[in-house]
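Morning, everyone. Please bring up the sequence and the model on your screens.

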Amino acid sequence: MRTAPPLDPGERARLLAGEHHDPHAVLGAHPVRGGVVVRVLRPWAREVAVVTKGRRIPLFDDGDGLFSGLLPLLRKVPAYELRVGYGGGEDGGGDGLAVQDPYRFLPSLGELDLHLIGEGRHEELWTALGSRTMTHDGVDGTRFTVWAPNARGVRVTGDFTHWDGTGLPMRSLGSTGVWELFVPGIGEGAVYKFDITRPDGSHTVRADPMARRTECPPNTASVVTASHYTWDDAEWMERRGRRPHHEAPLSVYELHLPSWRPGLSYRELAEELPAYVRDLGFTHVEFMAVAEHPFSGSWGYQVTGFYAPTARLGTPDDFRYLVDALHRAGIGVLMDWVPAHFPKDDWALAEFDGRPLYEHEDPRRSHHPDWGTLEFDYGRKEVRNFLVANAVYWCQEFHLDGLRVDAVASMLYLDYSREHGEWLPNEFGGRENLDAVAFLQEMNATVYRRCPGIVTFAEESTAWDGVTRATDQVGPGGFGGLGFGMKWNMGWMHDSLGYVGKESVHRKYHHHEMTFSMVYAYSENYILPISHDEVVHGKRSLVSKMPGDWWQQRANHRAYLGFMWAHPGKQLLFMGQEFAQGGEWSAEHGPDWWLLDPAYGAEADHRGVQDLVRDLNTVYAATPSLWERDTAPDGFQWVVGDAAEDNVFAFLRFDGFGSPLLAVSNFSPVVRHDYRLGVPDTFAAWAEVLNTDDARYGGGHVVGADPVKTESVPWHGRSASVRMTLPPLATVWLRPA
């Protein structure tokens, strides 16, 4: 072994400072005049040797962890490995640890991947960026890749380097801004971050934006992972898209996984949740945000790990197990997805490589005034790709059946929660965020194309035109549709809760709040949400919003659910409301399950409401009139919508064959005898199929045991009518007998 030619002082300085864009050009083995030079960067090593062709050849110590030497008389690089001695019993029996040299490998990321990343069109971005175990050139290890175009240099650091990244600088792969390094011998479970040199020369240590597994908070590092899960839901996946969602029964149970049964893991939840939801007859569950987040109090809506299910409840494969269990039980799985903003934690996405990267560079576009977070720069192709691929990732890798996109309104409007002078208009001087519109259109088009049978939901609280219109259909505002499958009907929620929250004597003055939703019911494909947002922060639980004594509160609660399930649109109910929990939801202790304990004196009151929800779902699923024509005007007819003095609403729902269901709600605390309602004259009698006043549900049992006969008495503009007794504070469903 001879001494190697001296390393250029500038190269050496940049390498040691973590500022070298191509460390592979300096480190590793390279042919030179007179032989092959080998350079190794191993901080804290006492000695390093090259082993080739059975010979162990020590390298010279150049200081600062650099070792080098010249293998003479060689014209090409031989096969070799390293022996690294650290002393202190870590030397592999005194001969040094046998390791492969990371700097002898060609790039492990292909040209097609780089091209797609550069174009912002890599729909499986998680397969190219982040950490991925692999066999490269016959050697097992992990490829690390990260997008950091403003960085002067990037290094991998982790538990396998004792959190000193000096020895693992990454190389820049051209103009894409991607940095790459294959590290031999590193496998699943390794904990890591990226040590990034900012443009000003300072350093920041960041979690991997593409990490598919993370440490459990409050720890913040990323974890190398690979899935070994074998799915058992082929039957579900094959049939889930046979019928369009807006023409199918869809009844959603929303829950917060960490608090539904506090302390349970994903796998433990899989033993309880499917049976509970199936028993109550819900068709789908909707998980509040699952992606990793540092602050539990955000309920998951301030995300730092967009590609990782929260480690609080287990591993990514454990989450797959939960989804699989729900599918095997015949239950679809929806998840809240948060592409609107991200927190400012200095180890996550904010100014990731020293400059605004994922966020817009102008604070008027980046700072979210409501939540103190940062908004994504939807106009940057790589950021848009990060988010579009993320939507595909959750649906494809975890078999999710749909995404509910959070806070869409805050994305669509540049002046959202901003005063004059605090926002930057678009190129036409308007308030619409054109980049966000394009992103949402691309996201919807991509996930529907790649993941047949899924559905996307928009939590959008304004009157933006065309939320559920196809992206290629331009509306009166000049925009194509956003392409969502459904939209949360926030107007219905706000108006109807306002109505039922009034004392019955005042409801006649607010009658329109229950009927106005039908003015716009067919402008979008709607779902009616009573979500977590309505039962926290002093808003009270659903039953506690109701006026009157405890009996009247429960009666109002039951009548409202009956009205909701019959109203055009799908329905969503948050956990705890299915058994009339009186207290607000708490993310710390979850639903008040003790209310269903037989030892509790009022258990029957809560069990009755739970039984009603089960029957609502059962009758709903078996009655196409309630779901087949949700988005078609011919699926609904008012019988009486102006009986304000009586607090009565009555309407007909029809299926595709014209078969009707009559829904009648009496939001007055008095029994109304011989109440006449106009009905079609083609049916001789009508029989109750559900009555929320049934004693089984805790009601007064003012029920119609016998069918009511159709009479040739014109009423409500129809040639026939029925006379029936309306129970107090109740909803009744009837079908032709």
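Ground rules. This is a predicted model, where local features need pLDDT of at least 70 and side-chain atom pairs count only at pLDDT 80 or more, while totals for chains, interfaces and linings use all residues. Residues are numbered from 1 along each chain as its sequence is written, and side-chain values use heavy atoms, with hydrogens and water left out.

Cysteines. Take Cys 451. The closest cysteine sulfur belongs to Cys 395, and at 4.9 Å that is too far for a bond. Is Cys 451 buried or exposed? Buried, at 5% relative accessibility. Cys 216 is partly exposed, at 36%.

Next, the sheet. It is open, with three strands in the order β22-β24-β23, and the pairing is antiparallel. The edges are β22 (341-342) and β23 (367-368); each has a single partner strand, so one side of each is left without a neighbour in the sheet. Strands are DSSP runs of E, at least two residues; helices are H or I, at least four; both are numbered from the N terminus. Two strands pair if DSSP finds at least two bridges between them. β23 and β24 (residues 373-375) pair over two bridges. There, His 368 stands opposite Thr 373 in β24.

Now the rings. The whole structure has 49 aromatic pairs. Here, rings of Phe, Tyr and Trp (its six-membered ring) pair if their centres lie within 6.5 Å; planes under 30 degrees apart are stacked, over 60 edge-to-face, the rest tilted. One of the pairs is Phe 342 with Phe 376: tilted, 4.7 Å centre to centre, 50° between the planes. Phe 342 is in strand β22, and Phe 376 is in the loop between β24 and α8 (381-397), 34 residues apart. Phe 342 is buried at 0%, and Phe 376 is buried at 2%. Trp 594 and Tyr 600 make an edge-to-face pair, 5.1 Å centre to centre and 80° between the planes. Trp 594 is partly exposed at 48%; Tyr 600 is partly exposed at 32%.

Last, Arg 261. Which ring has its centre 5.4 Å from the charged end of Arg 261? Trp 260. Arg 261 also lies over the face of Trp 593, at 4.2 Å from the ring centre. The test is NZ of Lys or CZ of Arg within 6 Å of the ring centre and within 35 degrees of the ring normal.

Technical notes
Buried < 20%, exposed > 50% of the residue type's maximum accessible area, 1.4 Å probe, protein only. Disulfide = S-S within 2.5 Å.
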